[in-house]
Amino acid sequence: MPGSSHPHEDLLAHLTRTSPLGPGEAARVVAEVLAYFSESTEDYVRRRHGELQARGLTNERIFARLGAELAARRVAAPELSTRQLRRIVYGG
């Protein structure tokens, strides 16, 4: 990536050196990962609630799972009660 001024140039070089990804593919992967981890807690809760609800899970199971998932995220969100999770999803 000669002349590259990407803010994650070292990571892109590492990915192209250690995987079959080309420079453009590596840049897209990094952008996707950064976007995933940049998602706000509220957006994450809403998105995951919809995904889990579409799989037929009940709110009781969904909110328990969301609490566990949030605690395990790379940059852990603050612990949220079921009531707080419910308010993110349904407003109020």
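**View 1. Arg48 and its contacts.** Setting aside neighbours within four places in sequence, Arg48 contacts Arg55, Arg65, Leu66 and Glu69. Contact means heavy atoms within 4.5 Å. Arg48 sits in helix H3. Its relative accessible area is 9%, so Arg48 is buried (buried is under 20% relative accessible area, exposed over 50%, partly exposed in between, with a 1.4 Å probe and protein chains only). Helices are DSSP runs of H or I with at least four residues, strands are E runs with at least two, and both are numbered from the N terminus. The model is predicted: local features need pLDDT of at least 70, side-chain atom pairs count only at pLDDT 80 or more, and totals for chains, interfaces and linings use all residues. Residues are numbered from 1 along each chain as its sequence is written, and side-chain values use heavy atoms, with hydrogens and water left out.

**View 2. His49 in helix H3.** His49 also belongs to helix H3. Its relative accessible area is 3%, so His49 is buried. Not counting residues up to four places away in sequence, His49 touches Asn59, Ile62, Phe63, Leu66, Val89 and Tyr90.

**View 3. The packing of H3 and H4.** Two packed helices are described by the angle and the distance between their axes. The axes of H3 and H4 come within 10 Å and cross at roughly 140°. That angle makes H3 oblique to H4. Axes are lines fitted to C-alpha atoms, for helices over the stretch in contact, and angles run from 0 to 180 degrees between N-to-C directions. Under 35 degrees counts as roughly parallel, over 145 as roughly antiparallel, 65 to 115 as roughly perpendicular, and the rest as oblique. The H3 and H4 crossing is right-handed (the near helix is turned clockwise from the far one by less than a right angle; anticlockwise is left-handed). H3 contributes Thr41, Tyr44, Val45, Arg48, His49, Leu52 and Gln53 to the contact, and H4 contributes Asn59, Ile62, Phe63, Arg65, Leu66, Glu69 and Leu70. By class, the residues of this contact are seven nonpolar, four polar and three charged. Ala, Val, Leu, Ile, Met, Phe, Trp, Tyr, Cys and Pro count as nonpolar, Asp, Glu, Lys and Arg as charged, and the others, Gly among them, as polar.

**View 4. The packing of H4 and H5.** The axes of H4 and H5 lie 10 Å apart, at an angle of about 105°. The two helices, H4 and H5, are therefore roughly perpendicular. Asn59, Phe63, Leu66, Gly67 and Leu70 of H4 meet Thr82, Leu85, Arg86, Val89 and Tyr90 of H5. The contact of H4 with H5 has six nonpolar, three polar and one charged residues.

**View 5. The largest nonpolar core.** Eleven residues form this core: Tyr44, Val45, Leu52, Leu57, Ile62, Phe63, Leu66, Leu70, Ala77, Leu85 and Ile88. Helices H3 (41-54), H4 (59-72) and H5 (82-90) are the elements that give two or more residues. H4 supplies the largest share, four residues. A nonpolar core is a set of buried Ala, Val, Leu, Ile, Met, Phe, Trp, Tyr and Cys residues joined through side-chain atoms within 4.5 Å.

**View 6. Arg46 and its surroundings.** Arg46 lies in helix H3. Its relative accessible area is 42%, so Arg46 is partly exposed. Beyond neighbours within four places in sequence, Arg46 is in contact with Ile88 and Val89. Arg46 and Arg86 are 40 residues apart in sequence, with their C-alpha atoms 9.5 Å apart.
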